[in-house]
Amino acid sequence: MIADDELLAPYLAAWREDSLYPSLPHSRELARTAMLAAVASGRRGLLGRALWFSAGFRLRGLRVRIAGFVGAVAVAAAVAAMGWNAPAGSFLHGVRVARQSVQLAVPGADLAGLHLEFAEQSLADARDGIDPAASLADARSELDAAREVLPADHSSPLWTRWGDDEAILGTEEAAPAGQGGRPAGDPAGGSAPSAAAPHSPSDDEATVPRTAAGGDGSADPTERPGAAPSPSSSPSWGGNDGGDNTPPSASAPTSSPHDN
Amino acid sequence: MGDEPGEGDHIYQQSVRLTEAVDAARRGDARGWDVLFERFHADVHAYALARLGGWSDAEDVTQETFVAAVGSIRNLRDGQEPVVQAWLLHICRHKVIDHARRKGRQQRTVDLGVAAAPDPANVAEAKLRAADMREALSHLKEDQRDVLVRRFVLDQSLEEVAAGTGRSVGAVKSMQHRGLAALRRILPAAPG
């Protein structure tokens with residue numbers, strides 16, 4: 001039937017004839033040698049399978065290690081994200097402290113500004129009622145640290161900011177226990193401390209280091225009513241031993257900007 | 001007369017020998033593999049050459065087929081000749097597909113290196129037709145190609161193709177019919 005097909009018959013015949021050429025003897029022997037080599041290696045299959053299994057096991061071990069590493073990175077990232085602004089007293093507060101330490105360690109960082117920022121965050125936490133005692137202690141620590149690195153120029157806005165924060169902190173500390181947060185109606189900024197605050201604007205004169213001659217130890221800006229001075233609360237440039245509190249800088253202003 | 005081995009005896013002896021060879025091959029005996037190679041190398045080579053056209057490609061695929069067979073002899077059901085042939089051609093078919101996939105659709109090449117016939121012009125014309133045929137086959141479905149190679153190159157009957165491919169005779173006949181019809185549409189009319 002196909003032989004009668006005028007179109008297909010010549011093609012099929014040519015195709016068949018072309019395909020039935022015998023293999024070249026050399027190629028044929030190569031194929032036989034390759035096959036027998038495979039047979040020979042198959043007899044050593046037990047060792048080969050053992051090696052294969054071993055390689056597979058190593059691969060699985062590598063996968064486990066990679067998965068473990070990726071998982072650890074993911075957990076670390078999650079912990080860092082959750083603890084980025086964890087308030088004082090919380091389980092992940094250490095992450096926040098570590099993050100702040102890193103920020104402070106960056107060369108060229110604005111240390112005073114950063115300490116003030118951290119203090120303000122803690123004050124905000126306290127106002128929000130998040131473990132007020134711990135948050136206020138945190139804020140106190142940051143404000144003390146900030147004061148040590150404030151610029152000698154008392155006209156710097158950082159001094160103003162520090163004074164405001166001190167005033168807010170004083171207000172919060174004076175609040176009755178259990179009322180860690182500011183009343184809801186109070187503006188969040190707290191830039192106008194209440195008259196009851198120990199660090200009222202009238203007190204600001206005492207909170208700024210005096211540069212005028214004759215200043216005595218009672219002008220120590222770290223002194224707070226009813227608060228014991230902390231070891232770190234003394235100004236970095238002078239003693240609180242009743243001596244001259246003049247900052248080392250010759251250009252130190254003679255009054256705090258709060259005096260204005 | 002009774003002492004002379006008849007055709008049936010010869011086939012029986014061959015069958016027994018092949019079955020024993022398969023058993024030996026299963027045990028990893030090189031002599032068993034040698035028997036299988038001698039018996040089926042030509043079929044495998046023809047199948048590969050019919051599908052691929054290039055001599056070197058066909059040699060490569062033939063070699064790959066027998067090497068792969070060593071690793072998969074546990075899949076061989078029994079030592080009957082049609083079964084062994086079907087098993088090897090099945091491996092070869094997959095090797096052909098892999099080979100074609102690796103090389104992509106090759107440019108049409110006509111290997112005239114074995115043209116040793118008296119009339120080189122006729123040989124060249126036959127080669128070109130064979131190349132046209134393979135090019136046309138590349139437009140068919142894989143199953144149709146497989147059936148046509150078995151039927152028209154390896155000269156297998158419809159029943160043999162059905163047994164070798166695991167299909168019914170009717171299905172094989174249908175595939176052949178559709179494959180040939182497609183070839184008629186694709187192939188150019190032969191000159192004169």
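Me: Which residues bring α7(B) and α8(B) into contact?

Reply: In this predicted model, B:L158, B:E159, B:V161, B:A162 and B:T165 of α7(B) meet B:V169, B:V172 and B:K173 of α8(B). By class, that contact has 5 nonpolar, 1 polar and 2 charged residues.

Me: What makes a residue of that contact count as charged?

Reply: Asp, Glu, Lys and Arg are the charged types. B:E159 and B:K173 take part in the contact. Glu and Lys are both on the charged list, so these residues count as charged.

Me: Why is α7(B) called roughly perpendicular to α8(B)?

Reply: Helix α7 of chain B covers residues 158-165, and α8 of chain B covers 169-186. They pack at about 105 degrees, with axes 8 Å apart. The roughly perpendicular class runs from 65 to 115 degrees. The angle falls in that range, so α7(B) is roughly perpendicular to α8(B).

Me: Why is A:E173 called buried?

Reply: A:E173 sits in helix α7 of chain A, residues 157-174. Burial takes 20 or more other C-beta atoms within 10 Å. A:E173 has 21, so A:E173 is buried. The C-alpha atom of A:E173 is also 7.2 Å from that of A:L136, although the two residues are 37 apart along the chain.

Me: Which residues of α4(B) are buried?

Reply: Among them are B:W87, B:L88, B:L89, B:I91 and B:C92. B:R93 and B:K95 are buried too. Across the 192 residues of chain B, 38% count as buried.

Me: What makes up the side of chain B that touches chain A?

Reply: In chain B, 33 residues are in contact with 27 residues of chain A. Helices α2, α3, α5 and α8 of chain B each supply at least two residues of that side. α2(B) gives the most, with 9 residues. By class, the side has 21 nonpolar, 6 polar and 6 charged residues.

Note on methods. Residues are numbered from 1 along each chain as its sequence is written. Chains are lettered from A and ligands numbered from 1 in the order in which they are written. This is a predicted model: local features need pLDDT of at least 70, side-chain atom pairs count only at pLDDT 80 or more; totals for chains, interfaces and linings use all residues. Axes are lines fitted to C-alpha atoms, for helices over the stretch in contact, and angles run from 0 to 180 degrees between N-to-C directions. Helices (H or I, at least four residues) and strands (E, at least two) are DSSP runs, numbered from the N terminus. Angles under 35 degrees count as roughly parallel, over 145 as roughly antiparallel, 65 to 115 as roughly perpendicular and the rest as oblique. Two residues are in contact if their C-beta atoms, placed from the backbone, lie within 7 Å. A residue is buried if 20 or more other C-beta atoms lie within 10 Å of its own, exposed if 12 or fewer, and partly exposed in between; C-beta atoms are placed from the backbone.
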